[in-house]
Amino acid sequence: MYPSLHGLKLSALLAICQAIEQAIDLESALDGVLSILSENLSMKRATVTLYDPETRQLSINASYGLSLEEKQRGVYRLDEGVTGRIFQTGEPYSVPDITKEPLFLDKTGARKIERAKTGFIGVPIILHSEPIGVLNVDRIFGDEIAAEEDIDFLKIVATLIGQFISLNEKILEREAALKRENTSLKYQISKKSKGLYIVGHSSAMVEVQRQLEKVAPTKATVLLLGESGVGKTLMAKIIHELSDRSKHPFIKVNCASIPENLLESELFGHEKGSFTGAASTRPGRFEEADGGTIFLDEIGEFPMNLQAKLLRVLQEKELERIGSNKTRNIDVRILAATNRDLGVLVERNEFRLDLYYRLNIFPITVPPLRDRKEDITGLLNYFIQKMADDYGRKMFFTPAALDSLMIYDWPGNVREMQNLLERLVIMSDSEYITLEFLKSYLAPGQRGVPGNSGSESSSPAANDALPHCTSLKEVERNEVVAALERSGWIQYKAAETLGLSARQMGYRVKRYGLESMIAEGRARLRRMKKS
């Protein structure tokens, strides 16, 4: 009997060592170990239950003889049942007959149909002198063999499992380090080959680049924060290009530019005949992005009535088209951006708190250009070269003009700079841009514009009076106000005259703070009618 038993042990241990040596994936390796115990010995069921520091619970990571449902039920508190006791004491525990053991909970439900006497043994899995889990099995060798034989053998198996888990953790750490290194190299290659990269060497932008490189290889949802024009779309594209999804679609959706009544169909799709105008079935943008990345710009404008549906996509990775009850699973990474304070919107009940938490997993704040003046020179050089490539014209700034640009506040940030240089290369008849020519293209009321109080330019030309000029923002505001006046201060009518949706009109009313002006205009009209 004993020579045979000794041979069984050696045979099982040899097979376990070979399985661990050849395995890369932790779960498959553990399943292999438990399968070997069953094939070589008389074990019916076994589980490897590991501790999760985040949940502070023990849960079954690998099993043999259990269904998936039974395995999923195997979650234990540290003070619960035989498994919790073994983990806390760090000592083996033997149950000759589980029907007579009050600590044996049978949470998996795998033994309820059995009538025969069943023995059960658990040993701790130790790593660095601390328990990290528990190996539980039904009796291996039968009642004719002492339980100590089972325990001694399982201690050896648990030691091998512990060592493999330690090795697996080191492999995962190494893989993560290699991914980070690979991401950094991809970024540097992109920069040298004039691909996507951040222009800027300020400490703030170096930190943004560090965060991008860190989060890009992961699956984490990223929330990009910052003023309009700082480059949030560029950051989203960089994250996608540096991820393992770069070969798959990058879908951009501006949540503020799509009318609310069309946004649901645009994102989630619809079935033929689901609403008026739905002449054919159409998949949404989430389905188009399957396997890749979707970028939800202006997420602060996302309608409240659709936020629950977006939350479901974030949590469950599933959706249903309009007019369909078929659930579709998708694999999409979500990036979002906003120039609004979502925390304030939550306090106003204009944004769901649970959605905010799901989006805010990894926030990255992109600073405005006025807070990183040291990046202005590099950005100017970059856009000057870009204009030379696009238009075949090289531009040069006079010292006074360059001084003014260096201290200008750039209210429109990087986007304003790009647009400005494109206008200059189109409008200028000379390759030299003087301060006199430049000043009419800069937004009034900003630091650095000649003629404004607070201008820091030391150039004599900087003291020239600035002719009246109107920024694009002011032009739009004036057009909106004029349309409202013509329409009797009725927003939807004004929207129609401007070719805007009611939602887009509402966004501009909020943007320019016109609510009180509209209220006063309506009140004035009412008084005129009464008189």
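This is a predicted model: local features need pLDDT of at least 70, side-chain atom pairs count only at pLDDT 80 or more; totals for chains, interfaces and linings use all residues.
Reader: What makes strand 7 and strand 12 a pair?

Author: Two strands pair if DSSP finds at least two bridges between them. Strand 7 (residues 222-225) and strand 12 (residues 333-338) are joined by four bridges in the parallel sense, so they meet that criterion. Within this pairing, Leu-224 stands opposite Ala-337 of strand 12.

Reader: Why are strand 8 and strand 13 said to stand at the edges?

Author: The open sheet has five strands, with parallel pairing and the order 8-9-12-7-13. Strand 8 (250-254) and strand 13 (362-365) each have a single partner strand, so one side of each is without a neighbour in the sheet. From one strand to the next, the twist averages 20°.

Reader: How do you know that strand 1 and strand 6 pair?

Author: Pairing requires at least two bridges. Strand 1 (residues 46-52) and strand 6 (residues 130-138) run antiparallel and share five bridges; the pairing therefore follows from the criterion. Thr-47 has Asn-136 of strand 6 as its bridge partner.

Reader: In which sheet order does antiparallel pairing occur, and which strands are at its edges?

Author: Antiparallel pairing occurs in an open sheet of six strands ordered 3-2-1-6-5-4. Strand 3 (75-76) and strand 4 (93-95) are the edge strands, each pairing on one side only.

Reader: Which strands does helix 6 lie across, and at what angle does it run to strand 13?

Author: Helix 6 (residues 203-215) lies across strand 7, strand 12 and strand 13, and its angle to strand 13 is about 155°. Helix 4 (residues 81-89) runs at about 140° to strand 6, and the strands it lies across include strand 1 and strand 2 (57-64).

Terms used: Residues are numbered from 1 along each chain as its sequence is written. Side-chain values use heavy atoms; hydrogens and water are left out. Helices (H or I, at least four residues) and strands (E, at least two) are DSSP runs, numbered from the N terminus. Axes are lines fitted to C-alpha atoms, for helices over the stretch in contact, and angles run from 0 to 180 degrees between N-to-C directions. Contact means heavy atoms within 4.5 Å.
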